[in-house]
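Open the model in your viewer and keep the selection tool at hand. We will go stop by stop.

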Number of protein chains: 2
Amino acid sequence: MSGAVGTGAAPAPVLEPLAGGVTTTPGIRAAGIAAGLKPSGKPDLALVAAEEPVAAAAVQTRNQVFAAPVAVTRRHVADGRARAVLLNAGSANACTGEEGLRTAEDSAAAVAAALGCAADDVLLCSTGVIGVPIPREPFLAAIPRAVAALRDDAAAGDAAARAIMTTDTVPKKAAVRVSDASGSCVVGGMAKGAGMLAPELATMLCVLTTDAPLAGAALQQALQQACATTFGRISVDGCMSTNDAVIVLATGTAAQPPSPASVQAGLEAVCARLAEAMVRDGEGASRLVRLRVCGARSEDDALGLARAVADSVLVRTAIAGGDPNWGRILAAMGASPVRFDPSRVAVRVGDVTVCRGGVVAPFDPAAAAAALAPGDVDVTVDVGAGDAEATMLFSDLTHEYVTINAEYTT
Amino acid sequence: MSGAVGTGAAPAPVLEPLAGGVTTTPGIRAAGIAAGLKPSGKPDLALVAAEEPVAAAAVQTRNQVFAAPVAVTRRHVADGRARAVLLNAGSANACTGEEGLRTAEDSAAAVAAALGCAADDVLLCSTGVIGVPIPREPFLAAIPRAVAALRDDAAAGDAAARAIMTTDTVPKKAAVRVSDASGSCVVGGMAKGAGMLAPELATMLCVLTTDAPLAGAALQQALQQACATTFGRISVDGCMSTNDAVIVLATGTAAQPPSPASVQAGLEAVCARLAEAMVRDGEGASRLVRLRVCGARSEDDALGLARAVADSVLVRTAIAGGDPNWGRILAAMGASPVRFDPSRVAVRVGDVTVCRGGVVAPFDPAAAAAALAPGDVDVTVDVGAGDAEATMLFSDLTHEYVTINAEYTT
């Protein structure tokens, strides 16, 4: 998951895992409450807030059908500053027309009024079924309660992470301390994912917080880079959604911050942990597949091949069946635009080589089955053309995935 | 499924469905026998032969990982002539190296020896698991038996169609008589499909026969056009395989043939029937979805949007659940490169409008559920931008699909 940082002369930063999530960063408060948007009555409204407007950046879906909160956030983050992020589950507020947009704008204004900041210092994220109008009254009415519930402790960060869950089965949080010769900072984060995860972000929401002093274009670039090597290298179903967003709030209060490169390493580390948690909790997933494509002419080539394999429903169903059907891996790569020589390809599942020189290698079926047992599965594809490599994480495609997605709105 | 033919001044040809398949064409014999390649012992070797070398053309997979029979056929059809097509199930003979290639070449030579023609007048198709060596001895030993079994009756055509089945549950055959003011000809065909069907041909094999006098570049072009508007507009799982091939043998014996445009209409009609049969028999499919995207600026736009929807596993699982989750349709279109205005989109399932102006339309859930019941489902997306349209056929993604694909080799 690395390769993007530490490529300069600077020594690699030390990354120390911390407990908690968004509130692990000093000066960040969070809340998670039930606003009545989920029919289950479970928590569905999260708020993450700094003590004043701070540096902010966002990476959002490139889907041309984008949700109202995506439109509002795009406008509000344009100045590179924000105080708070309001997130809701229970409605994506996508394909909801003018009314959805007005409700989104009014929700930002409501947060601003309660916090005492400008409406354009409030960013928005929504997740849920597309096309379902967001229930305006309970949504807006709950906002003052969410502001009143803001706390800076780990429990508050956990409550916020739980409030954005949809088909997620576990809340997703991560935090690290990043240290180098210059100093240290904290990066915290929370995310929801589970379904519709694609290389280009998909029905995933993520809020990162840090006390590092990155701002403006530098913060935006660090965030984009961190996303590219983490959320950009996972796949659950290859679908890009209408609501995807990764937002970072950077307070800049760290007394002795590390270098910008180290901050980015910290952002990347938190994103990597959240990305892995998303795939592990992918809808119906029984296996987390770590696919390493090596021996490629370039990292782009390696990534293109890895993506073709990770998005293949035939590969993903074969893996759900514990089946070392390496021919489907070659077929998926062959259908991609990346050129390679099939007769130089080797495929390993765990330590078991199942294909060498593009043809079947004699292997022990029991050993291959063990390497493909539910849990973590390592697959390595060596294309025998060079030194570049890339790794993607993806989940298998199970009956349970079909059940979840066949019954999601009904 | 049309629009490609009859665009000139010529009157549309009359297409009369006929019984049978490849042997409905005069002068074509076929056979289907058991060579012992399928563990079940079911028929697995098919042969289709003309009485002498005739005009031939092929459309093959563009996957850079291609099977040995694809390589051999490419060479043998280069001169635009062939006498016979040998097809086997039970092994794809893909990713099988030099040995696989030698066996494929030897099988062509064996057919040629038994028929009394040149080896390069024999074309090859294989289907089955990738990477499994084709059992050389039983395969080659069965070929004289297949030649001896050649008959020109409907039963022989049916036997050939059955011998190429893998996960297909029914044999796929079609035939038509094409007539216009100039004369008439017959087009017959057989295919296997069921899984790995993608817009660009996938684990599908198809042999067409006709007594029309088309040859050379004209035959190749007619075949490509017929494929583009039929096999090119279906999707079962969006995966392009290593073995896909559509081959036509054109004897040219029709006494008074119709115009070339009419012949192409006949090829297209047979391909359309076989394509629909493939989707209907798609692995685990409970629904055949006929998706019409209309109101597009161009046919390419309409097709691009239709393809994005047809390939979306989220759309396909929602339909498997009978769920009018139109938001996933918009999200899939929005992630495609085709530009459109989401606020002008309308979506209908059957006659029930579920989305209008890009937002939910009030609809009767019971009527929508009825329109999405198992069987044939019509979905119409109007993008409100122009007059062009395109139709794609796809299957829903069910539990049964996962079961079939998780257990295919084991």
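In strand E8 of chain A, which residue is the bridge partner of Ala191(A)? Select Ala191(A) and look across: the partner is Cys206(A). Keep in mind that this is a predicted model.

**Stop 1: strand E8 of chain A**

Select residues 205-210 of chain A, which form strand E8. Six of the six residues are buried, so E8(A) is largely enclosed by the rest of the structure. Now show the side chains. Leu205(A), Val207(A) and Thr209(A) point one way. Cys206(A), Leu208(A) and Thr210(A) point the other way. In a regular strand, side chains alternate between the two faces of the sheet.

**Stop 2**

Find Thr210(A): it stands opposite Ala250(A) in E10(A).

**Stop 3: helix H5 of chain A**

Select residues 216-228 of chain A for helix H5. H5(A) has 13 residues and reaches 19 Å from its first C-alpha to its last, close to the 18 Å expected. Which residues of H5(A) are buried? Colour Leu219(A), Ala222(A), Leu223(A), Ala226(A) and Cys227(A). They cover an arc of only 130° around the axis, which puts them on the same side of H5(A). An α-helix has 3.6 residues a turn, so residues three or four places apart point the same way.

**Stop 4: two domains of chain A**

Zoom out. Colour domain 1 (14-279) and domain 2 (287-406) of chain A separately. Their C-alpha centres lie 32 Å apart. The contact takes 10 residues from domain 1 and 10 residues from domain 2. On the side of domain 1 that touches domain 2, strand E9 (234-235) and H6 of chain A each supply at least two residues. H6(A) gives the most, with three residues.

**Stop 5: a sheet in chain B**

Move to chain B. Here an open sheet of seven strands has the order E9-E16-E11-E15-E12-E13-E14, with mixed pairing. Its edge strands are E9 (234-235) and E14 (359-360) of chain B, and each pairs on one side only. Select E12 (346-349) and E13 (352-356) of chain B: three bridges join them, and they run antiparallel. Val349(B) stands opposite Val352(B) in E13(B). Finish with helix H6 (260-280) of chain B, which lies across E9, E11 and E16 of chain B. H6(B) runs at about 45° to E16(B).

Key. Residues numbered from 1 in each chain as written. Chains lettered and ligands numbered in written order. Predicted model: local features only at pLDDT ≥ 70, side-chain atom pairs only at ≥ 80, totals over all residues. Pairing = 2+ DSSP bridges. Helix = DSSP H or I, 4+ residues; strand = E, 2+ residues; numbered from the N terminus. Contact = placed C-beta atoms within 7 Å. Axes fitted to C-alpha atoms, helices over the stretch in contact; angles between N-to-C directions. Expected span 1.5 Å × (residues − 1). Buried ≥ 20, exposed ≤ 12 C-beta atoms within 10 Å, placed from the backbone. Arc of directions from axis to C-beta. Domains from an automatic or database assignment.
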